[in-house]
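Here is a set of exercises to work through with the model open beside you. Try each task on your own before you read its solution.

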Amino acid sequence: MSYWFGNDNRLPQQRLAIVSYVIVGMVGVLLIGFWKLQVIDSDKFLQWAERNRVRSIPVIAPRGRMLDRDGRVLVDNYPSFSVLLLRDDPAQVEKNLPAISEGLGISLQDLKEQLQNSRNLKNFQPIVIKPEASKADVAFIESHRSDIPLLEMLMVHRRRYLPGGFMSHASGYVGEVSEQQIEASNGRFRPGDFVGKSGIERQYNDLLQGTDGMRRVVVNSVGKEVDHLPTQEAIPGKQIQLTIDYDLQQVAEQALSTREGAVVALDPRSGEILAMVSHPAPDPNDFAIRVSNEEWKQLNDDPATPLLNRAIQAQLAPGSVFKIIMATAMLEDKVPPLSFTAYCPAYAVFYGRQFKCHVFGKTSGHGVVDLHKAIIESCDVFFYNVGQRLGIDRISYYASHMGLGRRTGIDLPSEETGLVPSEEWVQRVFHRRWYPGETISVAIGQGAVTATPLQLAYAIGGVAMGGVYKQPHLLKDAPNVREERFSISESTVEKVTDAMYGVVNEAHGTGGALKLTGVDFSGKSGTAQIINYDLRSRLGKNKQFKDNSWFVGYAPRRTPEIVVSVLVQAGGHGSEAAGPVVRDVVKAYYDKKMKKTDGTVTAENKETKPRDLSSAAPAAAIQPPLNTRGAAVALREPQSEDPR
Amino acid sequence: MKEAPGTRDYDWWLLAILATICALGVIEIYSATHGSSLAGMHMKQIRWLAIGFIAMFALSRLDYHLILDQAPILYLVGVTALVAVLLVGRTRFGAKRWIPVLGEFLQVSELVKLIIIIVLARFFAEVRSDELSLRDLIKAGLLVGLPLALILKQPDLGTALVLVPLLVVGAYLAGLQWQHTAIFSLAGILLIGSVFYPPVSRHILKPYQRERITSFLHPEDDAKGSGYQLLQSEIAVGSGGFWGKGFGKGSQNQLGYIPVRYSDFIMSAWAEEQGFKGVLLALGLYMALLLRLVQNAQRAKDRAGMFLVMGVAAALGFHVLVNVAMVIGYMPVTGIPLPLMSYGGSATLFVFLAIGLVMNVRIRRFVN
């Protein structure tokens, strides 16, 4: 044994004992640590572990499709991908933002703004940061799953509208839900959700919009999906059938062509809208994804107001179309009596002012005019006199009971009321008395009186129906269609409808060029000044100040099946610009009706049953309308074919 | 002098505790890796354990006095090996720690730990007074300081740190005076303080080491780095609850959220799947192991044996403390494995050799 090794067995027993206590104490401290984590805070960590492991990805419910009255698809969906940002871990989001910005080509500023906008949402709700993912985006996300485990692809359904803005004002469009809508929705909407912003999309959003589901997957630490948990299925939105007739709509779109204006065709017996056109029309496909603020501003500031649905929002002087209301009022009130005649030297003087009478196709006046002649030749002087005798309040009474000056109640958002002036109205709005001279202008549909194309179709259709006014609507199975009755005597209805028949079918009628063989086509033209003659002559004959052209036509002459109201802004004379559009639509209506009763159209009908469309191939189903539409698009907007 | 001691003199209780801990380790390594590309790792661990058992018995046969006799040479070999590693060692995972031996890579620093235990045992056994003089303390400090500096150079902060408790416990048992204790503590506090104080730590720590310190102090700033590791470990432990999620059912473990779940963070995986009750079992076993070591030290025949056993106890205790405290977020990530449970060849071998030294002392406690 070595020299240094003595029998030194003095062991520091006390210090060894202390070491034992230290060991026990150390294990005790560690156990306290485990107790805190595993017993006291266990629930919190269990939740965190679950959040680690489970990734919830929304399953977007497809919106319901829109079909026309024959079951043809007007609006449907196509699948697309959005990029989701998972925000469970704000610190990590912050850290990866520059890489995400670069990889997806979104500016850092934009990303930060989007995050800021969703700050009120719970962290586990992912947000859409790029609505339309390109192939490169998908590749970027897939290849960075482990180092940027914050991005996820989301299958979405994009709205597909018929191209070229076809029917776009009626259908409306969808867009990202606004902050106000989110706040008002009670948690139903999340940022990035698409909701109806206008038209039917907005009106029937609750029907069309389904309920999103949730897909829950188990992911490992590098973000790879390893398992699936029970999925909460999405409930698709309901498909809705509209009263729109695709064929008539197409004829109307083509007939109005590139001119600014509107067409409304409706069946006054039921209130069903058969066609609704407003031009210019934006193509909602262009902003079905996401519109930049700039593009949006441009659309809003466009002097041609493409976002305005002229059919229900253009409040313009109805011009001579208003004479039908005047005639009804005169006949009902017998002021002046039916025997009343006026002499028209192409002008008249009231209250010291000269009022002109625009004589269509003549240089001199209308001569001696009775009610019938005054309507078919549209003599202003006759109605100046009628107006003067009736007074503004009687005119107002009849106009408002026949549907003007208030909403028709069509199932579209933002319908305008138009205006029927009265003594009470000037008192309320301008705090002044009504000048009798103003009545003279109102009598021929000028001055303060305004109406929308829909209101005129509603009013004229109601007269021809003998005083029955059906609430206009676009939803085929609309519940509780309101019916208003305004009692107009049979003789009045007969005289007024006779005159409107004369407008088209008698020798001197202003709509004489619009005759349709075999159809009892009737109507009334209107040519409304947008500024008065004096101002116009001072500014010169600029196109800007061309008259608005109106025509409201219907067929047959009593209890019509179809009423068409057309406005062509700055179109000039009513029967020249607007009249042919009405005629084309009415003709198309009867052509189709003939074909149907002949039985030649049955095969086509079978082909376009909604059930067949929904089950098989939606892309193929939408094809026929698209193809037939192609020509019309090219005609109207040749530049739209340029690849952008 | 009696003949070599028989088998009944071995500490069978100690071996039983040891074997149970190893079994827990193998079970958890299997659970953590069976579904992944690392499947089969538990078999490798069993192989290491078998080698360890043999090495342990082999070492216990060789009288520890003979080993202590060779302490200076061993020290020289150890230091040379550390220098050699720095010159020719293999770089794996960003540090030069490995030299190839028999087709496996051995961590030289594990061997050095063992050598330092032996060297310190001899050094302190030679101190004849009941009080440790400052001179001797400084000498001991220098003895430890040289290999410590070399290991830090690799860099391997974890293993280097293990040398410190060897010195502390040895000095304490050798009769450390309270004045020196104060100086010791002050130096320790200063060192720890400087590590956590950026202007100073910038000069003495590697960037990744400073990062670990920072992420320990502010785990939320470093969601994917070592702060993330600590957080994921805490989530695993906490979500295990009292009863645990069950064998092979820990999502943090199975889905790979726990970093190196089969090695440094095996306690985290164990705690998730077996819950607090499992932790109680594991820590209870470790406590029993350590107390058993202290008991063996108390019954040692001489100071040299006592110092050997307590050196081993200090090393194992420190490993357990630092590793488990890291798993529950009480300490920064240091890369110190959990003895006997963590997967690893060199570390396992070290523990068994160390226990071999203990057995060595144990079976000779009645020998004269």
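The exercises below go from confidence to the chain contact, then to a sheet, single residues and backbone angles.

This is a predicted model, in which local features need pLDDT of at least 70, side-chain atom pairs count only at pLDDT 80 or more, and totals for chains, interfaces and linings use all residues. Residues are numbered from 1 along each chain as its sequence is written, while chains are lettered from A and ligands numbered from 1 in the order in which they are written.

**Exercise 1. Confidence**

Task: find which elements of chain A have the lowest and the highest mean pLDDT.

Solution: 
- Start with the scale: pLDDT is the predictor's confidence in each residue, from 0 to 100.
- For chain A as a whole the mean pLDDT is 83, with 87% of the residues at 70 or more.
- Now go through the elements; helices (H or I, at least four residues) and strands (E, at least two) are DSSP runs, numbered from the N terminus.
- The lowest mean, 34, belongs to helix α27 (residues 623-636) of chain A, and the highest, 96, to strand β21 (residues 562-568) of chain A.
- Residues 600-644 of chain A have pLDDT below 50, and this stretch has 45 contacts in the model beyond near neighbours in sequence. Two residues are in contact if their C-beta atoms, placed from the backbone, lie within 7 Å.
- A word of caution: where pLDDT is low, the predicted coordinates should not be read in detail.

**Exercise 2. Where the chains meet**

Task: work out which helix of chain A supplies the largest share of the side that touches chain B.

Solution: 
- Begin with the totals: 42 residues of chain A are in contact with 46 residues of chain B.
- On the chain A side, α1 (13-40), α2 (42-53) and α3 (90-104) each supply at least two residues.
- The largest share, 17 residues, comes from α1(A).
- By type, the side of chain A that touches chain B has 23 nonpolar, eleven polar and eight charged residues. Here Ala, Val, Leu, Ile, Met, Phe, Trp, Tyr, Cys and Pro count as nonpolar, Asp, Glu, Lys and Arg as charged, and the others, Gly among them, as polar.
- Next, take one helix pair: the axes of α1(A) and α13(B) come within 10 Å and cross at roughly 175°. Axes are lines fitted to C-alpha atoms, for helices over the stretch in contact, and angles run from 0 to 180 degrees between N-to-C directions.
- α1(A) and α13(B) are therefore roughly antiparallel to each other; angles under 35 degrees count as roughly parallel, over 145 as roughly antiparallel, 65 to 115 as roughly perpendicular and the rest as oblique.
- The contact of α1(A) with α13(B) holds 20 nonpolar, five polar and no charged residues.

**Exercise 3. A sheet in chain A**

Task: explain why one side of β1 and of β9 in chain A is left without a neighbour in the sheet.

Solution: 
- Write down the order: three strands form an open, antiparallel sheet, β1-β8-β9 (chain A). Two strands pair if DSSP finds at least two bridges between them.
- β1 (54-59) and β9 (225-228) of chain A stand at the edges with a single partner strand each, so one side of each has no neighbour in the sheet.
- From one strand to the next, the twist averages 40°.
- Strand β8 (residues 213-219) of chain A pairs with β9(A) in the antiparallel sense over three bridges, and V218(A) stands opposite D227(A) in β9(A).

**Exercise 4. Backbone angles**

Solution: 
- Recall the background: most residues other than glycine have a negative phi, and most peptide bonds are trans.
- H431(A) sits in the loop between α17 (423-430) and α18 (436-442) of chain A.
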